[in-house]
Amino acid sequence: MSHADLVHRGLPHGGLPQRHDGRLPQRHDGGLSHGRLPHGRLPHRRYDGRGLIQPRSSMTTTQPTGVGIGLRREHFAAIEQCERRVGWLEIIPENYVAHGGHALANLRWCAERWPVVAHGVSLSVGGPDPLDEDYLVGLRRLLDELRAPFYTDHLCYATIGGVNFYDLLPLPFSEEAVHHTAARIRQLADRLERPVAVENISYYATMPGGTMSEGQFVSAVVEEADCGLLLDVNNVYVNAQNHREDPRASLAALPLHRTMQIHIAGHVKEGERIIDNHGRPLIEPVWALYEQALQAVGPVPTLLEWDTDIPALDRVLDEADRAQAIWERVASSWSPSHAPRTARSA
Ligand SMILES: [Fe+2]
């Protein structure tokens with residue numbers, strides 16, 4: 001899934017993210033009222049997101065639970081009429097920081113009804129360029145307004161020397177990259193004043209200079225950063241297929257005990273490779289891997305991603321309902337004793 005694809009979708013003005021002044025647009029609806037927000041309780045899990053900065057004690061956060069969907073521009077009208085179970089929403093914050101208009105109004109309307117979390121695509125968490133401090137100010141304000149309990153981004157880089165590749169590129173699986181990226185995640189959590197989780201990305205080539213496996217690299221980063229894992233089950237499957245590995249072994253090699261959220265999505269086959277395009281229903285092996293992941297990490301919030309060839313909202317919710325049924329089945333019988341002690345022992 002490319003960064004450019006992600007940012008284009010749902011972008012209020014249909015273009016790439018614009019430079020920002022760090023300020024949210026003027027409120028035109030009096031801000032968010034949280035009196036009617038559902039306050040879902042997080043299910044018990046081994047990592048509680050307390051390893052880094054906690055949300056400020058004075059802030060009541062809105063916790064996602066069960067299965068949610070991405071808020072996309074294509075569904076702005078439909079979601080305001082929707083009477084089905086939505087669960088919770090995930091947004092791409094780059095589409096809202098320093099933007100206003102209908103998109104922000106729709107987001108505020110949604111945030112009065114469902115928990116909303118933010119999943120960034122442009123911070124280049126593992127990259128060499130300094131984090132954009134002005135953007136982080138605007139991002140923290142947006143997260144505060146949404147009362148988002150945590151922030152997630154990708155374990156990747158996207159810019160070098162100010163040049164944005166508009167893609168989520170893999171980092172070299174090296175000790176140097178571990179130390180650099182972990183320090184940046186700590187910096188990010190400090191600026192945002194809330195826990196951060198990073199996502200295992202799909203990648204189609206490995207960077208030179210690596211000395212460890214993907215599982216070892218992801219584990220080392222999240223342990224050194226003391227942060228959460230956003231476990232993308234489809235990415236595990238895509239990488240395993242493309243790199244000729246066993247997806248169940250790849251899953252078990254990740255630091256599952258630090259999972260704060262899960263992603264599931266569809267992909268497309270192109271010749272010998274499969275591409276993580278978020279544009280199809282999940283295939284059966286990914287459903288099976290999702291259930292295995294849930295049984296390992298417990299019923300953590302799960303987000304169904306559908307970002308290209310976006311169908312009607314009802315079709316997306318049909319897919320989310322199938323995930324919700326699995327989530328509820330696992331939640332009803334899960335106990336912490338099922339959880340892996342460490343990623344390597346899972
Ligand atoms: Fe994902």
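Predicted model: local features only at pLDDT ≥ 70, side-chain atom pairs only at ≥ 80, totals over all residues.
View 1. Helix 7 covers residues 233-242 and helix 9 covers residues 284-297; their axes come within 9 Å and cross at roughly 125 degrees. The crossing of helix 7 past helix 9 is right-handed. On the helix 7 side, the contact is made by Val233, Asn234, Val236 and Tyr237. Helix 9 contributes Pro285, Val286, Leu289, Tyr290 and Ala293 to this contact.

View 2. Strand 9, residues 259-265, is mostly covered, with seven of its seven residues buried.

**View 3. Strand 9 pairs with strand 8 and with strand 12.** Strand 8 (residues 228-232) pairs with strand 9 in the parallel sense, over four bridges. Within this pairing, Asp232 has His263 of strand 9 as its bridge partner. Strand 12 (residues 302-305) also runs parallel to strand 9, and four bridges join the two. Here Ile264 is bridged to Leu304 of strand 12.

View 4. Strand 1 (residues 67-70) is joined to strand 12 by three bridges, and the two run parallel. Gly68 stands opposite Leu303 of strand 12.

**View 5. The largest nonpolar core has 92 residues.** The residues with the most contacts inside this core are Val196, Val198, Val221, Val233 and Ala293. Val233 belongs to the helix 7 side of the contact with helix 9, and Ala293 to the helix 9 side.

**View 6. Val198 is one of the residues with the most contacts inside the largest nonpolar core.** Leaving aside residues up to four places away in sequence, Val198 touches Val125, Asp153, His154, Leu155 and Ile185, and also Val221, Val222, Cys227, Leu229 and Leu230. Among these neighbours, Val221 is itself listed with the most contacts inside the core. Leu229 and Leu230, which Val198 also touches, fall within strand 8, residues 228-232.

Notes: Residues numbered from 1 in each chain as written. Core = buried A, V, L, I, M, F, W, Y, C linked by C-beta atoms within 7 Å. Buried ≥ 20, exposed ≤ 12 C-beta atoms within 10 Å, placed from the backbone. Contact = placed C-beta atoms within 7 Å. Pairing = 2+ DSSP bridges. Axes fitted to C-alpha atoms, helices over the stretch in contact; angles between N-to-C directions. Left-handed = near helix turned anticlockwise from the far one by under 90°.
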